[in-house]
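Please read this note with the model open beside you.

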Amino acid sequence: MTDEDLRFMKLALELAKKAELKDEVPVGAVIVQDGQVIGRGMNTSISDHDPTSHAEINAIREAAKFIKNYRLKDCSIYVTLEPCAMCVGAIQHARIGKIIYGAPDPKTGACGGIVNLIGVKEINHHAEAMGGVLEKECSQILKDFFLSKRKKP
């Protein structure tokens, strides 16, 4: 884990906090190319009425528009929660090379949480994945969010 990993994960956490303020599941993501953030995303599935509006997908859309290419080669994605199967699929199709995530997701994680899609040899693109970057902070925001939801009448 590098200082750069920490810096970009902190940006993703800021986006997760913005999502929480909008009563969305607090997940944030940033896409980085050559040390520059080219895409930002947070969960907006509830407000968009769109099950595909995960933080990763929103960040991929913004980054692709920014560089005017659907291939995000030489990019890394920083996300506060281990990506699900849909998001890993999008990451692989975009050709993103590295997935750096904070909290593991034992329910829907697709980087080893419940399945390891990036390890399927038959898939033609393989990203590297590293979890546990600011894991405590990334896990806590999710725990607090769901705890508050359970307390509401």
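**Notes on the sheet and its helices**

1. The strands form an open sheet of five, in the order β2-β1-β3-β4-β5, with mixed pairing; two strands pair if DSSP finds at least two bridges between them, and strands (E, at least two residues) and helices (H or I, at least four) are DSSP runs numbered from the N terminus. Because β2 (36-42) and β5 (128-130) stand at the edges with a single partner strand each, one side of each is left without a neighbour in the sheet. Neighbouring strands are turned by 20° against each other on average, direction ignored.

2. This is a predicted model, in which local features need pLDDT of at least 70 and side-chain atom pairs count only at pLDDT 80 or more, while totals for chains, interfaces and linings use all residues. Residues are numbered from 1 along each chain as its sequence is written, and side-chain values use heavy atoms, with hydrogens and water left out.

3. Isoleucine 100 has methionine 130 of β5 as its bridge partner.

4. Helix α3 (residues 55-67) packs on the sheet, where it touches β1 (28-33), β2 and β3 (75-81); contact means heavy atoms within 4.5 Å. The direction of α3 makes about 140° with that of β2, where axes are lines fitted to C-alpha atoms, for helices over the stretch in contact, and angles run from 0 to 180 degrees between N-to-C directions.

5. How do α3 and helix α4 (residues 85-94) cross? Their axes come within 9 Å and cross at roughly 20°, and the two helices are therefore roughly parallel to each other (under 35 degrees; over 145 is roughly antiparallel, 65 to 115 roughly perpendicular and the rest oblique). Glu56, Ile57 and Ile60 of α3 meet Met86, Cys87, Ala90, Ile91 and Ala94 of α4.

6. The axes of α1 and helix α5 (residues 135-151) come within 10 Å and cross at roughly 5°, which makes α1 roughly parallel to α5. The contact is made by Met9, Leu13, Ala16, Lys17 and Glu20 of α1 with Glu137, Cys138, Ile141 and Phe145 of α5.

7. Two aromatic pairs are found in the structure. In one of them, the rings of phenylalanine 8 and tyrosine 78 have centres 5.3 Å apart and planes at 45°, so the pair is tilted (Phe, Tyr and Trp rings, the six-membered one for Trp, pair with centres within 6.5 Å; planes under 30 degrees apart are stacked, over 60 edge-to-face and the rest tilted). Since phenylalanine 8 lies in helix α1 (residues 3-21) and tyrosine 78 in strand β3, the pair ties together parts that are 70 residues apart in sequence.
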